[in-house]
Amino acid sequence: MIMAVLVVEFFMPVYVDAEEDLNTQVSYYRHYSDDGTVMDIITEENGSEVIVKNFNDGVLAEQSRRKVGENIIYNEIFDLESEGDMEEQQKIESSGITIFVTHRKRSDERLNEIQKEQLRLSETKELKVERTAVAAASTTPMNIVAAPMDNTGLKASGYNDGYYYLSESTISTIPGIVGKLYRKYTSKDKGIQKRYTWDIDTTVSAAISLAMARYNLHKNETQGFVFSIIEFVGNVIKIRQTTNTQCYHFDYRYKVRVGSPVYFATDRQKYYWKVFNVNTGQYNWIEEVAARDGFLDTDMAMIKNGIEEYWLGKPILTYQTHVQNQGWQSVCSEGDMSGTSGKNLRLEAIKIYLNSNKLGGTIQYRTHVQNEGWQGWVSSGALSGTSGKSLRLEAIQIRLTGGVASKYRLRYRVHVQNEGWQSWKYDSETAGTSGKSLRLEAIEIRMVRK
């Protein structure tokens, strides 16, 4: 049998039977669920149609078909005892995707030897690292609202990117596509400190009222807080209590990976009071306000969004910067910071990549360079800026073109000398400054659905 070698998304050799269409690309992905079940996903694309097959422990369990460029999925679930029991087709609408679901008789199709070997080879180093990180984490999904404020109890992602594993899920109507959610955070003392003394004979109700006024909290939140830091005898305080409070800003970043690439990135900012009881030496963290930026209420909602972006064919956005005294940094994924903060180092050049782009078009960008002004537009992967000239980047513009621009828009911001992080800019808008001789020090880029 003659075999042909193709290059596919997961960077592994793929073999297509000579009797099949030689234009068909096949990718393999193996996933281990928490209960030890092996889920093997085989994706076939021939230029006009995408077929995804999900094998559970070697037996075909689900199959989906989608026309390239269309957001309609035909999904078959093989879970019935006989064909006569076939259920009527269900129609599901979800975030711009229409899914027709049909339940059919259990399938006799099993993995062949070639497929088994390719699935074994598909376990790349990155996926093995991810599987280890997931296995080391709790088998109970961690809902975001219940996630610890810091990384206590969480496991590192395994990608050496500072993220920690929260949870994973799949959408049953999109078989075999597993999304995994990760989070990292940074915290900063806001410099707001207060001291308060709870007097002897203060009643429980009075203490709660004072706490509500001080921390802008609801009664049910404040009551537990008050009892946790103050000692009561009966209904009144018998020992004078003193607390020191300090405000911190937490910046949380979230990313959803499907396989290895990142398909969804978002963040939120939260402010906490760190309340220290001088008498007992104990402290509590009390949330005061939270700001959200594309953040969804639960981990499952964000994972669902990432899986849908995968199915809609969202390209993979990555980028890297050339930093003063450091050279080229590693390529980072969508939403992450490239460059430095607090080190007073200039950005000198940037490369932005748009990978796995099946929508058509490209990403273009240009930079404003010290002494040179605006350079011309360059496309995905090309260098914008300079290397070896010690010239700072002062501003940047980024845009999408063609098919990808019809479905997505760019959102980016830069960290500027003496100014810090600027507000977010969109599609060709200027981020940075002109005529001020201020260097760019870092950048963050995202691609969001229109």
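This briefing covers salt bridges, strand pairing and a few individual residues. The model is predicted. A search of the whole structure finds 26 salt bridges. Strand β7 pairs with β6 in the antiparallel sense and runs parallel to β9.

- Asp-336 lies in the loop between β20 (332-333) and β21 (338-339), so its pairing with Lys-255 in strand β15 ties together parts that are 81 residues apart in sequence.
- Lys-255 has a relative accessible area of 1%, so it counts as buried.
- Asp-336 is buried too, because its relative accessible area is 7%, under the 20% cut-off.

**The network and Arg-446**

- A network of salt bridges links Asp-251, Arg-253, Asp-267, Arg-413, Glu-444 and Arg-446.
- Arg-446 is located in strand β32, which spans residues 440-449.
- The relative accessibility of Arg-446 is 3%, so this residue counts as buried.
- The side chains of Arg-446 and Asp-267 make a polar contact at 2.3 Å.

**A further salt bridge**

- Arg-439 pairs with Glu-441 in a salt bridge, the closest N and O atoms lying 2.8 Å apart.
- Both Arg-439 and Glu-441 are buried.

- Strand β6 (residues 59-67) pairs with strand β7 (residues 72-80) over five bridges, in the antiparallel sense.
- Within this pairing, Arg-65 stands opposite Tyr-74 of β7.
- β6 and β7 make a hairpin, with four residues between the two strands.
- Gly-69, in the turn of the hairpin, has a positive phi of about 90 degrees.
- Strand β9 (residues 97-105) runs parallel to β7, and eight bridges join the two.
- Phe-78 has Arg-104 in β9 as its bridge partner.

- Thr-43 is part of strand β4 (residues 38-45).
- With a relative accessibility of 11%, Thr-43 counts as buried.
- Leaving aside residues up to four places away in sequence, Thr-43 touches Gln-25, Val-26, Ser-27, Val-50, Ile-51, Val-52 and Tyr-310.

- Asp-427 is not a glycine, but its phi is positive, near 35 degrees.
- Asp-427 is placed in the loop between β30 (425-426) and β31 (431-432).
- A relative accessible area of 29% makes Asp-427 partly exposed.
- Ser-437, also a residue other than glycine, has a positive phi of about 60 degrees.
- The loop between β31 and β32 (440-449) holds Ser-437.
- Ser-437 has 46% relative accessibility, so it counts as partly exposed.

Notes: Residues numbered from 1 in each chain as written. Predicted model: local features only at pLDDT ≥ 70, side-chain atom pairs only at ≥ 80, totals over all residues. Heavy atoms only, no water. Buried < 20%, exposed > 50% of the residue type's maximum accessible area, 1.4 Å probe, protein only. Polar contact = N/O pair within 3.5 Å; in protein donor to acceptor, adjacent residues only side chain to side chain. Contact = heavy atoms within 4.5 Å. Pairing = 2+ DSSP bridges. Salt bridge = Lys/Arg side-chain N within 4 Å of Asp/Glu carboxyl O.
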